[in-house]
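Reader: Hello! Could you show me how to read a protein structure, one feature at a time?

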Amino acid sequence: QVQLVESGGGLVQAGGSLRLSCAASGIIFRLTPMGWYRQAPGKQRELVATISSGGGTNYADSVKGRFTISRDNAKNTVTLQMNSLKPEDTAVYYCQAQYLQTYWGQGTQVTVSS
């Protein structure tokens, strides 16, 4: 079965950095578009960044220039490097795979203190 396992969340001060990773299994990873989404308390889940099977990337305006999404097809992982973090980046971050249908990881908490 398809599994997406996120890691790397935590507590960081504003201006700091975190690196999230998502390990995928049960899919043909190199052919699968991947993405990171987040959901803050009381808000809807929103797109953070996506990366196509060919490596093309797309970012939410709120994270452009601060976050970088990348993929390692040899390791079946997708990574989100988050720099210059702000308190408004606090949310649960979810990995997503578009493989015949949409799959989600369990989420990892990111908390940015001011």
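Author: Gladly. Let us begin with strands: a strand is a DSSP run marked E, at least two residues long, and a helix is a run of H or I with at least four. Keep in mind that this is a predicted model.

Reader: How many helices and strands are there in the protein chain?

Author: There are 0 helices and 11 strands.

Reader: What radius of gyration would a compact globule with 114 residues have, and what does the protein chain have?

Author: A compact globule with 114 residues would come near 13 Å, and the protein chain has 13 Å, so the two agree. Along the principal axes, its C-alpha atoms fill a box of roughly 40 × 25 × 20 Å.

Reader: What share of the residues is buried?

Author: Buried here means under 20% relative accessible area. In the protein chain, 42% of the 114 residues are buried.

Reader: Which residues touch the most other members of the largest nonpolar core?

Author: That core has 30 residues, and Met-34, Trp-36, Val-78, Leu-80, Met-82 and Tyr-93 touch the most other members. Several strands each supply at least two of its residues, including strand E4 (34-39), strand E8 (77-82) and strand E9 (91-99).

Reader: Which residues is Met-34 in contact with, leaving aside its neighbours within four places in sequence?

Author: Among them are Leu-4, Cys-22, Ile-69, Val-78 and Cys-95. For the chain as a whole, take contacts between residues at least 6 apart in sequence: 53% join residues at least 24 apart.

Methods: Residues numbered from 1 in each chain as written. Predicted model: local features only at pLDDT ≥ 70, side-chain atom pairs only at ≥ 80, totals over all residues. Heavy atoms only, no water. Rg over C-alpha atoms; globule rule 2.2 N^0.38 Å. Buried < 20%, exposed > 50% of the residue type's maximum accessible area, 1.4 Å probe, protein only. Contact = heavy atoms within 4.5 Å. Core = buried A, V, L, I, M, F, W, Y, C linked by side-chain atoms within 4.5 Å.
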